[in-house]
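Open the model in your viewer and keep the selection panel at hand. Each stop below says what to select and what is there.

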Amino acid sequence: MGAEEGDQEALLVDSRSSSPSMQPHIKRTGNIWTGVAHIITGVIGAGVLSLAWSMAQLGWIAGPLTMLLFASVTFVSAVSLCNCYRSPDPESGPIRNTSYLEAVRTILGPRSATVCSVFLRINYCKVGIVYTITAAVSMRAIQKSNCYHKEGHRAACGYGHTSYMLFFGIVQTVLSQIPNFRDTKWLSIIAAIMSFAYSIIGSALGLEKVIDNGNIEGNIGGVPTSTPAKKVWLVSQAIGDIAFAFPFSVILIEIQDTLKSPPPEKVTMKKASMTGISITTFFYICCGGFGYAAFGDSAPGNLLTGFGFFEPYWLIDFANACIILHLIGAYQVFSQPLFADLERWISKKFPNSGFIHHNYSLKAPWLPAFKLNLLRLCFRTTYVAFITGIAIAFPYFNQVVGVAGSINFWPLIVYFPVEMYIAQTKIRAWTKKWILLRAFTFACLLVMLFALVGSIEGLIEARFG
């Protein structure tokens, strides 16, 4: 595609990608670095905080290998999805699939899209739930850190979580009025910086404790348990936690839709995916490895809020503040595709409704004009309230992360991307490549079923045990 054609196409109206409040003309200005920022925001999140605990369950060999395995699966998924943004030709096809669901509908058909939509909506909801829980845990950790510093490390510094979740929900209610995914670029840049900050702090604190201890904790087999069954449950939950740490593929096509061309969007997105996944995997191994080396079998479920570290308290506070700021942005990165999808569907059902399509311009002194849409206000506020309510009912970080990671990883990160890749590239049945892809899909299914069963068992025990 030539430069002139690419510039012209960037200004075309794409009605399928518009929510009721979006401007009709879309100019895509993203590049590899904005793509990397979105990826890092989407990948480094609540999951990184549980990796030291996951390493403790798996041990020094299986732990890092499992992280590398999931990173590899995520990259395979990303490469497959990069080819699905344009149809029928991955580089110059005239049809833009501006969301994951649109790609499934275009390439695999409406029946597959219906099934996929269920998993996608569950995925967006569970990410919102986990981020609400994690942000509240970090807010509470700041208060506890200051309390321990003043009263001593054995002080009874107990705080609830409901008020913090409600506060986070109020913040998300306001930010959810951002019209569309493209307008979250500034949030992604801030969130990416924050994720780097707390990942580095967690790794550095773990390394510093290893140096103070004078030895490396942990062992090859991980945490010993009283029964083999208990070990199996903990290993499966650890796998679910690690799966949750690599969730960005579900927003890859939305990220790709922000990129300018030339070069073709898929070329830029592949480079951004390789860079983003490599950076985040490095930080994951550092956080998980240094945390396990520092605490061994007693590694906390949340590295920065489990109070394996007490001092310097101000650094713990700063790290948790970075987590909160990151999750504020990441929540929107994962929620905006859901908002756009459902609002498109509603607007098509009621094309003449003023409530849905009319925008009200609000202008405050010294601030740019803001367009308020009543559908957006009511629907998104209700969604945030629903997510916050679920988080308040199930405030169990590790168990919820495990279930969240395992429930949707196979269909959304493995099955649908592989099926679309096979259909898009016209791979014939029973060829060597077809057999390898089918074997890859089946192996991932078995692993994630194992993780899901164990994680559900852990959540039930935490809630009712």
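Start with Ser-203, whose side chain reaches the backbone nitrogen of Cys-287 at 3.4 Å. This is a predicted model. Ser-203 sits in helix H7, residues 185-213. With a relative accessible area of 8%, Ser-203 is buried.

Select Ser-87 next, in strand E1 (residues 86-87). Its side chain makes a polar contact with the side chain of Asn-97, at 3.0 Å. Ser-87 has a relative accessible area of 4%, so it is buried.

**Salt bridges**

Glu-265 lies in helix H10 (residues 265-295) and Arg-86 in strand E1, so the pair ties together parts that are 179 residues apart in sequence. Both ends are hidden: Glu-265 is buried at 2% relative accessibility, and Arg-86 is buried at 0%.

Arg-96 counts as buried, at 6% relative accessibility. Show the three residues together: Arg-86, Arg-96 and Glu-265 are linked in a network of salt bridges.

How many salt bridges does the structure hold? There are 4. For another, select Glu-419 and Arg-438, whose side chains meet at 2.1 Å, N to O. Glu-419 is in helix H14 and Arg-438 in helix H15 (residues 432-464), 19 residues apart; the pair links distant parts of the chain. Glu-419 is buried, with a relative accessible area of 13%. Arg-438 is partly exposed, at 29% relative accessibility.

**Aromatic pairs**

Switch to the rings. The structure holds 9 aromatic pairs. Select Phe-70 and Phe-409: their ring centres are 5.2 Å apart and their planes stand at 80°, so the pair is edge-to-face. Phe-70 is in helix H3 and Phe-409 in helix H14 (residues 397-425), so the pair ties together parts that are 339 residues apart in sequence. Phe-70 is buried at 5% relative accessibility, and Phe-409 is buried at 4%.

Then pick Phe-339 and Tyr-383. This aromatic pair is also edge-to-face, 5.3 Å centre to centre with 90° between the planes. Phe-339 lies in helix H11 (residues 313-349) and Tyr-383 in helix H13 (residues 374-393), so the pair ties together parts that are 44 residues apart in sequence. Phe-339 is buried at 0% relative accessibility. Tyr-383 is buried too, with a relative accessible area of 7%.

**An enclosed helix**

Select helix H8, residues 228-244. At 1.5 Å a residue, its 17 residues should span 24 Å; the end C-alpha atoms are 25 Å apart, which agrees. Of those 17 residues, 12 are buried, so H8 is largely enclosed by the rest of the structure. The buried residues include Leu-234, Val-235, Ile-239 and Phe-244, along with Lys-231 and Asp-241.

Finish with a surface view. Ile-61, Leu-65, Leu-68, Ile-220 and Ile-285 make a nonpolar surface patch of about 450 Å². Which helix gives the largest share of the patch? Helix H3 (residues 51-82) does, with 3 residues. Ile-61 lies in helix H3, and at 46% relative accessibility Ile-61 counts as partly exposed.

Terms used:
Residues numbered from 1 in each chain as written. Predicted model: local features only at pLDDT ≥ 70, side-chain atom pairs only at ≥ 80, totals over all residues. Heavy atoms only, no water. Patch = residues over 30% accessible without salt bridge, like charges linked within 9 Å, V, L, I, M, F, W, Y side chains within 5 Å. Areas by Shrake-Rupley, 256 points an atom, 1.4 Å probe, with all protein chains shown as cover. Helix = DSSP H or I, 4+ residues; strand = E, 2+ residues; numbered from the N terminus. Buried < 20%, exposed > 50% of the residue type's maximum accessible area, 1.4 Å probe, protein only. Phe/Tyr/Trp six-rings, centres within 6.5 Å; stacked < 30°, edge-to-face > 60°. Expected span 1.5 Å × (residues − 1). Polar contact = N/O pair within 3.5 Å; in protein donor to acceptor, adjacent residues only side chain to side chain.
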